[in-house]
Amino acid sequence: GGGKPHTRYEFVIAGEPMKQIAKSEPAALPGETVASSEIAALIGDLIIGEEITGDCAASGYWKLRAVKEVDAVSPELKELIEIQPPQSLTVQTLETLDEKLLHRLAMFIPEYILKMLD
């Protein structure tokens, strides 16, 4: 907490998908698409490409050349990739959060912002 007000905020995203991106991005030349082995396992019936081999971070990833027509894939995969309508989201305001959770969240909010929220 504390400190002077900032004029901008930055967000950090992390996790396995970001690790996969970090490995695949250097393996792709401009205009190319590289899919992680995890993604290739999910959409393997849809893609045409070559597996990246050799001693590099992206070994086991796939350099995509084309995407097959959706009608050419198995019914199970077709069902998996169909676009589903978004589910409604529940928005919580500070007033709806319980005190214990609000106290935990407050540790991550700069002090000057907490003062504005009071």
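Predicted model: local features only at pLDDT ≥ 70, side-chain atom pairs only at ≥ 80, totals over all residues.
## Sheet architecture

Three strands form an open sheet in the order S1-S3-S2, with antiparallel pairing. S1 and strand S2 (47-51) are the edge strands, each pairing on one side only. On average, and with direction ignored, neighbouring strands of this sheet are turned by 45 degrees against each other.

Five bridges connect S2 with strand S3 (residues 62-67) in the antiparallel sense. In general, strands of a sheet pair through backbone hydrogen bonds, either parallel or antiparallel.

## Salt-bridge network

Side chains of opposite charge can pair when their charged atoms come close. Across the whole structure, three salt bridges are found. In one of them, lysine 63 pairs with glutamate 32, with the closest N and O atoms 3.1 Å apart. This pair links distant parts of the chain, since lysine 63 belongs to strand S3 and glutamate 32 to the loop between H1 and S1, 31 residues apart. Lysine 63 is buried because its relative accessible area is 16%, below the 20% limit for that class. Glutamate 32, at 24% relative accessibility, counts as partly exposed.

Glutamate 32 also forms a salt bridge with arginine 65, where the closest N and O atoms are 3.7 Å apart. Because glutamate 32 lies in the loop between H1 and S1 and arginine 65 in strand S3, the pair ties together parts that are 33 residues apart in sequence. Arginine 65 is partly exposed, at 47% relative accessibility. A further salt bridge joins the side chains of arginine 65 and glutamate 50, at 2.9 Å from N to O. Here the link runs between strand S3, which holds arginine 65, and strand S2, which holds glutamate 50, the two being 15 residues apart. Glutamate 50 is partly exposed, with a relative accessible area of 38%. Through shared partners, the salt bridges join Glu32, Glu50, Lys63 and Arg65 into one network.

Serine 24 is placed in helix H1 (residues 16-24). With 11% relative accessibility, serine 24 counts as buried. Not counting residues up to four places away in sequence, serine 24 touches Val34 and Tyr61.

Serine 36 occupies the loop between strand S1 (33-35) and helix H2 (37-43). Serine 36 is buried, as its relative accessible area is 5%. Its side chain makes a polar contact of 2.8 Å with the side chain of glutamine 20. With neighbours within four places in sequence left aside, serine 36 is in contact with Gln20 and Tyr61.

Technical notes:
Residues numbered from 1 in each chain as written. Heavy atoms only, no water. Helix = DSSP H or I, 4+ residues; strand = E, 2+ residues; numbered from the N terminus. Buried < 20%, exposed > 50% of the residue type's maximum accessible area, 1.4 Å probe, protein only. Contact = heavy atoms within 4.5 Å. Polar contact = N/O pair within 3.5 Å; in protein donor to acceptor, adjacent residues only side chain to side chain. Pairing = 2+ DSSP bridges. Axes fitted to C-alpha atoms, helices over the stretch in contact; angles between N-to-C directions. Salt bridge = Lys/Arg side-chain N within 4 Å of Asp/Glu carboxyl O.
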